[in-house]
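Work through the exercises below with the structure in view. Try each task before you read its solution.

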Amino acid sequence: MKVECVELRRVSLPLAAPFRTSYGTQHHRDLLLVAVHGPESQGWGECVAMNEPLYTAEYVDGAHAVTRSHLAPRLLSGKDVRADDVAGALSAVKGHPMAKAALEMAVLDAELRAVGQSLATRLGAVHDRVPSGVSIGLPSTRRVDELLDAVAGSIEAGYLRVKLKIEPGFDVDAVRAVRERFGPDLALQVDANAAYTLDDAGHLARLDPFGLLLIEQPLAEDDLAGHAELARRIATPVCLDESITSATTAADAIRRGACSVVNIKAGRVGGYLEARRVHDVCQQLGAAAWCGGMLETGLGRAANLALAALPGFVLPGDISASDRYWRRDLTEPFVLRGGYIDLPRGPGLGVAPDPAFLDEVTTEVEYLQPA
Ligand code: NPQ
Ligand code: MG
């Protein structure tokens, strides 16, 4: 497509309930959306960067600035752009995978709408629905009874898998309490968001008796050697999130024994096309994959569903129903049906924002055109 205009839109969307991790507490999601406008169609992309550079180095103001000054101009050169070419067109700019992913997502959506194909079909999906899991933030009080209430609510809502955020001081006792209350059959895993060091290996081994599906990102992002050593010392399978920045790093991490499971997030690896290559590497090397989440609106959620319907996604992901996060989603809400979420069927993402509601929650909008 010829990109005639790139629209950058900042949106502040209220969360249904505060979301707390070792990175702090979110009450609103301050988002960057990008739209690409071409002669035949337009497409939407969602940037998953958080407010602050605490998960990885990216943050939403930085993503906005690099998109405005360095990324969007490379797509507005007047030449025809295909989704397959976006990563290459942006590759001279180092880093900023979440900003790049949003632009590629928008071009994919526009291109697929023009030809009437769904993103799921384009990526190679083999399912028409995806099993749904939930990520439960740290309880504000760090009290286990508050956690147990949240887990009970998630099970009642029908989620098929529960992930608990853990940190030093809130880990083994919390997991034990959840197992004692909900039993051994609950599909349960934990996410440490890099809060431990290899010195904690003995402590983390105390999670072994609880039959967790996995422990996600226990150590620092750049510490593959540490994760490989930890994986030898604990029985719980090690899953990497923050460490996996491309199909190449995924292959390296799996081959080195740093993980046997991979959390795939398109934003973290620079786009849905690279995310599919991470999936392919996992399949080839025998690692289990699942689809992570970054508090996406219905736009990112739709794209994640398409990705998670690929055959190598063998564990339920962090793709929850819209009402887990939003009082009102930007799109038609995604709902749970027997623990699963149906893929949208239409072309491209298969969903679009409600224009009036989008304007209501927009805080800033700018339109970039060829120089
Ligand atoms: C993870 N996500 O898997 C992330 C981390 C995370 C669903 O657990 C605002 C935006 C707040 C993105 C908090 C889940 C966030 C965020 C945590 C992502 O590690
Ligand atoms: Mg994680």
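**Pockets between domains**

Domain 1 (5-116 + 351-368) and domain 2 (121-342) both contribute lining residues to the largest pocket, so it lies between them. Domain bounds come from an automatic or database domain assignment. A pocket is an open set of points on a 1 Å grid over the protein atoms alone, where a 1.4 Å probe fits, with protein on both sides within 12 Å along at least five of seven lines; lining residues have an atom within 4 Å of a point.

The model is predicted: local features need pLDDT of at least 70, side-chain atom pairs count only at pLDDT 80 or more, and totals for chains, interfaces and linings use all residues. Residues are numbered from 1 along each chain as its sequence is written, and side-chain values use heavy atoms, without hydrogens and water.

**Exercise 1.** Find which residues lie nearest the centre of the largest pocket.

*Solution.* Start with the lining: 20 residues. Nearest the centre are A17, P18, I136, A150 and R324. Next, look at α5, which gives the largest share, 6 residues. Helices (H or I, at least four residues) and strands (E, at least two) are DSSP runs, numbered from the N terminus.

**Exercise 2.** Decide whether L358 is buried or exposed.

*Solution.* First, locate L358 in helix α13 (residues 355-361). Buried means under 20% relative accessible area, exposed over 50%, partly exposed in between (1.4 Å probe, protein chains only). L358 has 4% relative accessibility, so it counts as buried. Then list contacts (heavy atoms within 4.5 Å). Beyond neighbours within four places in sequence, L358 touches R9, V11, L33, W44, L330 and P353.

Methods:
Chains lettered and ligands numbered in written order.
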